[in-house]
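Open the structure in your viewer and keep the selection tool at hand. We will go stop by stop.

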Amino acid sequence: MATQFSRKAILSLYASTLRTAKSFSSYNFRNYFVSRTQDTFRGMQVEQDSTKLSQAYDKAVNELAVLRRSAVLNQLYGGLRLAVEEQSNVRTRGDT
């Protein structure tokens, strides 16, 4: 038997997943996971069948756990910023 999830629970899961997706330090990973999160929850929003909604919710909870672990690793080993990202100020010899 499928359990009904409240709108508040789904929105909370969406917010947590989106927050985690935005915490990636790599531009490409961050944009991919934000887009994927939005697509996943748009699909859940239009779903009418409660069993499919329950399965999608459970899958999203499991994916959030994986996403959190991946985000931590990405923050540890992020790498250099890309040209499309906002660059931090770099001091040169004349700035001193």
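Rings of Phe, Tyr and Trp (its six-membered ring) count as a pair if their centres lie within 6.5 Å. Keep that cut-off in mind. The model you are looking at is predicted.

**Stop one: the aromatic pairs.** How many aromatic pairs does the structure hold? There are four. Select Tyr14 and Phe41. Their ring centres are 5.1 Å apart and their planes meet at 65°, so this pair is edge-to-face.

Now check the surface around each ring. Is Phe41 buried or exposed? Phe41 counts as buried, because its relative accessibility is 9%. Tyr14 has 24% relative accessibility, so Tyr14 counts as partly exposed.

**Stop two: the cluster.** Select Phe24, Phe29, Tyr32 and Phe33. Together they form one aromatic cluster.

**Stop three: helix H1.** Select residues 7–21. This helix has 15 residues. From first C-alpha to last, H1 reaches 21 Å, close to the 21 Å expected at 1.5 Å a residue. Next, colour its buried residues: Ile10, Leu13, Ser16, Thr17, Leu18, Thr20 and Ala21. What do they pack against? The buried residues of H1 pack against helix H2 (27–46) and helix H3 (50–76).

**Last stop: Val72.** Find Val72 in helix H3. Val72 is partly exposed, with a relative accessible area of 46%. Then draw a distance from its C-alpha to that of Thr20.

Conventions
Residues are numbered from 1 along each chain as its sequence is written. This is a predicted model: local features need pLDDT of at least 70, side-chain atom pairs count only at pLDDT 80 or more; totals for chains, interfaces and linings use all residues. Side-chain values use heavy atoms; hydrogens and water are left out. Helices (H or I, at least four residues) and strands (E, at least two) are DSSP runs, numbered from the N terminus. The expected span of a helix is 1.5 Å times one less than its number of residues. Buried means under 20% relative accessible area, exposed over 50%, partly exposed in between (1.4 Å probe, protein chains only). Contact means heavy atoms within 4.5 Å. Rings of Phe, Tyr and Trp (its six-membered ring) pair if their centres lie within 6.5 Å; planes under 30 degrees apart count as stacked, over 60 as edge-to-face and the rest as tilted.
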